[in-house]
Amino acid sequence: MIGYTCKYTPVELLAALGGQPALLNREANAFSHAEALTHNHFCCHAKAVLEECRRDGVRELVLVNCCDTIRSAYDVLLEYGELDFLFLLDMLHADGECSRERTKRELLRLAKAYGAYKGTEFDFSKFQAAFQPVKRPDGPY
C-alpha cells in the first residue's frame with residue numbers, strides 16, 4: 001500500500017509501477033504524536049497526516065506540494081517518519097507550456113524513484129486498468 005492525501009496524486013502511475021494507492025484523508029482524534037514532532041500551531045490537516053501514517057503503519061507515501069504545510073509535513077516525515085518510500089511531487093498551479101513540461105519532469109521523476117524502490121517497470125496494462133472511479137471514504141475525513 002502506498003498512501004496519498006491529494007486528488008492530484010497520479011494514482012494510475014503508481015498502480016502501473018506495482019503500487020496499491022490508498023487515500024489517507026481520515027480525521028485524527030488527537031495529535032499527540034504530531035505535536036511531539038512539530039508544534040501545536042501546525043495545520044490540523046498536516047497533523048492528521050502525521051498521525052495517520054503512525055497509526056496505520058504507512059511505509060510508503062506520496063505527498064503533493066499543493067501548500068506550504070504539506071511541504072512541512074514532508075520535511076517532518078523525512079526526518080522522523082521512518083517510511084521506506086517518501087516522495088514529494090511538485091505540482092504547479094498553472095497550465096502553460098512551462099508548467100506542463102515541469103509536470104512531465106515531476107511525473108518522470110516519481111516514476112523513476114518509485115520504480116527503482118519497487119524494482120518494477122511501468123506496466124501499460126496496469127496503467128490503463130487503474131483508470132477506474134476511486135472509492136472515497138464513507139465517513140468524514
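Aspartate 90 and arginine 102 join their side chains in a salt bridge, 2.6 Å from N to O; the term stands for a side-chain nitrogen of Lys or Arg within 4 Å of a carboxyl oxygen of Asp or Glu. Aspartate 90 sits in the loop between strand 4 and helix 5 (97–118), and arginine 102 in helix 5, so the pair ties together parts 12 residues apart in sequence. Helices (H or I, at least four residues) and strands (E, at least two) are DSSP runs, numbered from the N terminus. Arginine 102 is partly exposed at 30% relative accessibility; buried means under 20% relative accessible area, exposed over 50%, and partly exposed in between (1.4 Å probe, protein chains only).

This is a predicted model, in which local features need pLDDT of at least 70 and side-chain atom pairs count only at pLDDT 80 or more, while totals for chains, interfaces and linings use all residues. Residues are numbered from 1 along each chain as its sequence is written, and side-chain values use heavy atoms, with hydrogens and water left out.

The structure holds seven salt bridges. One of them joins arginine 59 and aspartate 84 at 3.0 Å, N to O. It links distant parts of the chain, 25 residues apart: arginine 59 is in the loop between helix 3 and strand 3, and aspartate 84 in the loop between helix 4 and strand 4. Arginine 59 is partly exposed at 37%, as is aspartate 84 at 46%. Another salt bridge pairs arginine 109 with glutamate 106 at 2.8 Å, N to O. These two are three residues apart in helix 5, which means a separation of about one helical turn. Arginine 109 is partly exposed at 40%, whereas glutamate 106 is buried at 7%.

Next come the nonpolar cores, sets of buried Ala, Val, Leu, Ile, Met, Phe, Trp, Tyr and Cys residues joined through side-chain atoms within 4.5 Å. The largest has 18 residues, and those with the most contacts inside it are Leu50, Cys53, Val58, Leu61, Leu63 and Leu77. At least two residues of this core come from each of helix 3 (44–56), strand 3 (60–64), helix 4 (68–80) and strand 4 (85–89). Helix 4 gives the most, with five residues. Apart from this core lies another, of 14 residues, among them Val62, Val64, Phe85 and Ala111.

Threonine 9 is located in the loop between strand 1 (2–4) and helix 1 (11–16). It is buried, with a relative accessible area of 4%. Its side chain reaches the backbone oxygen of cysteine 6 at 2.8 Å. Leaving aside neighbours within four places in sequence, threonine 9 is in contact (heavy atoms within 4.5 Å) with Tyr4, Leu14, Val62 and Val64.

The cysteines form zero disulfides, a disulfide being a pair of cysteine sulfur atoms within 2.5 Å. For cysteine 53, buried at 6%, the nearest cysteine sulfur is that of cysteine 43, 14 Å away. The sulfur of cysteine 66 is 3.8 Å from the closest cysteine sulfur, in cysteine 6, too far for a bond. Cysteine 66 is partly exposed at 29%.

Seven aromatic pairs are present. Rings of Phe, Tyr and Trp (its six-membered ring) pair if their centres lie within 6.5 Å; planes under 30 degrees apart count as stacked, over 60 as edge-to-face and the rest as tilted. Phenylalanine 122 and phenylalanine 127 form a tilted pair, 5.2 Å centre to centre with 50 degrees between the planes. Phe85, Phe87, Tyr114 and Tyr117 form one aromatic cluster.

Definitions and conventions:
A polar contact is a pair of N or O atoms within 3.5 Å; within protein, one must be able to donate a hydrogen and the other to accept it, and residues adjacent in sequence count only if both atoms are side-chain atoms.
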